[in-house]
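Here is a walk through a two-part model, with a look at each part and at the place where they meet. Have the structure open beside the text as you read.

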Amino acid sequence: MSKKLWYSLLAVLMITATVLSACAPATQPPAATEPPAAGDQVEVFSWWTGGGEAAGLDAMIVVFNAANPNIEFVNSAVAGGAGTNARAVLATRLQAGEPPDSWQGHAGQELIGTYVAGGQIEPLNDLYEAEGWLAVMPETLIPLISQDGNIYSVPVNIHRANVLWYNPGILEANNIAVPTTMDEWLAAMETLKAAGVQPLALGEQWTKMHLLETVLLGTLGPDAYNGLWDGSTDWGSAEVKAALDNYVKVLSYANTDSASLSWQDASQLVVNGDAAFNVMGDWAEGYFREIGKAPNVDYGWAPVPGSVGVFQFLSDSFVLAVGAPHPEAATAWLKIAGSKAGQEAFNPVKGSICARTDCDKSLFGEYLQSAMEDWSTDIVVGSLTHGVVANDSWKSEIDTALGAFIADGNVDAFQSALVAACQNSGPCE
Amino acid sequence: MFRDKDRYLSVLLISPSILAVLIFIYGFISWSVRVSLSKWKGLNPDYTWNALNNYIELFKDPRFHVDVRNTLIFTGVFVVGSIVVGFLLAVMLDQGLKGEGFFRSLFLFPMAISYIVTGVVWRWLMNPAEGTRTSGLNLLFSYLHLDFLQNAWHTTPYWGMAAIALAAVWQMSGYTMALYLAGLRSIPAELREAAQIDGANELEIYRHIILPLLSPVTLSALIILGHMSLKVFDLIIAIAGKQYPLDVPAIYMWQTTFDGHFYGRGAAIGILLLISVALLIIPYIRYTLKTEVQQ
């Protein structure tokens, strides 16, 4: 009998061991092991697992390997949910004190508000000076990716948020010139509406936030717009009220089924001739090409009215972890990410432009060439929807306020909710 | 002696699963309760005591009011719809028609699909586009010259949630049909015959004999469907994404925690969800345990 008992006990122990080991992380991060004697390695974390992004990352890894033959590149990309899954995995690893050497994030407050506040990323000012990046990146960009004079990430690519896409055929048929001011735009949409044409194509809630940030910029201008995010422009002011009134007017020209359309659905309405205008970031251009549309024939582009000469940007960038297991290899990676060769490898494949202003234009298509031109001359401001100007908490409160406004249409309540959001999670007191 | 050892052994053998349940269910529930009483906002844990403030804020939060309203609309349409449709299907199948097995499987099949798949299909069916872009059910209505039935479905202000519940009714009414069919089959034929001899018509038989005898089935269906509707998440995400007018507590919890880093508030929503589900489930479990013991 006692023998049987011992067997059972053994079985219990084994089951317990299995359960416990199942609770442990399935794979130990390579960071935990000693670097191999022959060479070093660098672990880079991202959510670039498909499409042009993954292909661009692969192209940049080739450049990295050529420059650093002794460093093994460990690509720790996590798929799913446009980065939501990856950010959750990253948060878990950071809370466990096992950071990857470097990770991807939207440049600006999305990174700074989350990871600088948590003391998890290193300032990179020395690297910027040593590599001479300050001379090749727009002057107005640097404050947007810095906090208290410290630069925290290396932008690899640049997308533009304030782009007005239009259907050239529809504008021509209705004798409308491409609008450059808010008033011209509203007048143009009124004409189109009277002619029985759908003036504006709009999609689900986040595309409405995208539209909001461009209308705020177009009405307030770059200085007051920047002031919204550092506390110097009052969210409760009359000028913000005027911008919100413009937003209400713009929304009144949108399609009624916006809540059921993705951004692709909405942008497609313009190139298919179902709507005249659409405001979307310049990744839409990659989508237009993908569905076989030609620039200046099926679609034209201009800055969102009121924001001519201003480049509202967003960017994917890489950081250096505090306590990175391989700090030197990580720095070598960041050098490639910020280099001309690295960015020229990544961006033509991804369909974005370089953060540097000295990339070879002949590598890029017609639209991107015009964006590169603007990037090197325009005033640079940051995007709200895509993480540059507001931290995650603030952005999510603005999103909630916007959702309530779309549901009930009460502008005054919207404005006071925006004031409250700035007080709760932004710089306003 | 032998019995003692046996008992000792059985406790030992189930101890790993008890341990796992204690840690991974009750341990994390307690942890969530603690987080919901903290000021944690941002990536780094912050357990500063905040008493019930997260809960008080939620009760004042207009978004949470929308969540509660949407949950009530969804629950109402979904539970009533599934029970009524399921019951009618069961009654029809119970008439002893030909090919009953075929129809039974047909009505039960939607249950085999995940909510995500249902959502993707219904997203297309309930396309609210107008004019030349009309598609899905609205296009079908226009072919059938039933244009007055065309509507904005889930994008209807205020009542949009009812459209989402329609998709859920489609998915789950087969399941309630199966429950009711089993219930109907267990009612002895003598009872109906006795009622017929006493002069009752069909309607009176259902009203006074069948429905009362089926009340335990209705209770089970109510509980099962009710707790599903409190937790609904994936169906809404698949049909409408994250949009304020169709917000429910589970979506708010997810967004505020992982997009906005309001961990304290997210945990509070989670605990409120847990309590609301427990209010439904615990009396039911006690009731079934009691009846099982009696049997």
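What follows takes chain B, then the interface, then the sheets and helices of chain A.

Please keep in mind throughout that this is a predicted model.

**Chain B**

Let us begin with the fold of chain B. Along the sequence, the pattern reads α-α-α-α-α-α-α-α-α-α-α-α-α.

How does the radius of gyration of chain B stand against that of a compact globule of 295 residues? Such a globule would come out near 19 Å, but chain B has 24 Å. Along the principal axes, the C-alpha atoms of chain B fill a box of roughly 80 × 70 × 30 Å. Of its 295 residues, 31% count as buried. Taking contacts in chain B between residues at least 6 apart in sequence, 71% join residues at least 24 apart.

One residue is worth a visit here. Asn54(B) sits in helix 2 (residues 53-60) of chain B. Is Asn54(B) buried or exposed? Asn54(B) is buried, because 24 other C-beta atoms lie within 10 Å, and the cut-off for a buried residue is 20 or more. Leaving aside residues up to four places away in sequence, Asn54(B) touches Ser36(B), Gly264(B), Arg265(B) and Ala268(B). The C-alpha atom of Asn54(B) is 9.9 Å from that of Val35(B), which is 19 residues away along the chain.

**Where the chains meet**

Now turn to the interface, where 32 residues of chain B are in contact with 28 residues of chain A. On the chain B side, the elements that give two or more residues are helix 1 (2-36), helix 3 (62-93) and helix 12 (249-259) of chain B. Helix 1 of chain B gives the most, with six residues. By residue type, the chain B side divides into 15 nonpolar, 11 polar and six charged residues.

**Sheets of chain A**

Chain A brings strands into the picture. An open sheet of five strands has the order 2-1-3-13-6 (chain A), with mixed pairing. Why is one side of strand 2 (71-77) and of strand 6 (154-155) of chain A left without a neighbour in the sheet? These two strands stand at the edges, so each has a single partner strand. Within this sheet, strand 1 (residues 40-46) and strand 3 (residues 102-106) of chain A run parallel and are joined by two bridges. Val44(A) has Ser102(A) in strand 3 of chain A as its bridge partner. Helix 13 (residues 327-338) of chain A lies across strand 1, strand 2, strand 3, strand 6 and strand 13 (316-318) of chain A, and runs at about 55° to strand 1 of chain A.

A further open sheet, of four strands, has the order 9-10-8-11 (chain A), also with mixed pairing. Its edge strands are strand 9 (200-201) and strand 11 (300-303) of chain A, each pairing on one side only. Helix 11 (residues 263-271) of chain A packs on this sheet and touches strand 8, strand 9 and strand 10 of chain A. The direction of helix 11 makes about 145° with that of strand 10 of chain A.

Strand 7 (residues 157-160) of chain A has a pattern of its own. Asn157(A) and His159(A) point one way from the strand, Ile158(A) and Arg160(A) point the other way, and all are buried.

| Strands of chain A | Bridges | Facing residues |
|---|---|---|
| strand 8 (residues 163-166) and strand 10 (residues 277-279) | three bridges | Trp165(A) and Asn278(A) |
| strand 7 and strand 14 (residues 353-354) | two bridges | Ile158(A) and Ile353(A) |
| strand 7 and strand 12 (residues 310-314) | two bridges | Arg160(A) and Phe313(A) |

**A helix crossing in chain A**

Our last stop is a pair of helices. The axes of helix 9 (residues 205-230) and helix 16 (residues 392-408) of chain A come within 10 Å and cross at roughly 100°. Helix 9 of chain A is therefore roughly perpendicular to helix 16 of chain A. Helix 9 of chain A brings Gln205(A), Lys208(A), Met209(A) and Leu212(A) to the contact, where they meet Asp399(A), Leu402(A), Gly403(A) and Ile406(A) of helix 16. The residues of this contact divide into four nonpolar, two polar and two charged.

Methods. Residues are numbered from 1 along each chain as its sequence is written. Chains are lettered from A and ligands numbered from 1 in the order in which they are written. This is a predicted model: local features need pLDDT of at least 70, side-chain atom pairs count only at pLDDT 80 or more; totals for chains, interfaces and linings use all residues. Two residues are in contact if their C-beta atoms, placed from the backbone, lie within 7 Å. Ala, Val, Leu, Ile, Met, Phe, Trp, Tyr, Cys and Pro count as nonpolar, Asp, Glu, Lys and Arg as charged, and the others, Gly among them, as polar. The radius of gyration is taken over C-alpha atoms; the globule rule is 2.2 Å times the number of residues to the power 0.38. A residue is buried if 20 or more other C-beta atoms lie within 10 Å of its own, exposed if 12 or fewer, and partly exposed in between; C-beta atoms are placed from the backbone. Two strands pair if DSSP finds at least two bridges between them. Axes are lines fitted to C-alpha atoms, for helices over the stretch in contact, and angles run from 0 to 180 degrees between N-to-C directions. Angles under 35 degrees count as roughly parallel, over 145 as roughly antiparallel, 65 to 115 as roughly perpendicular and the rest as oblique.
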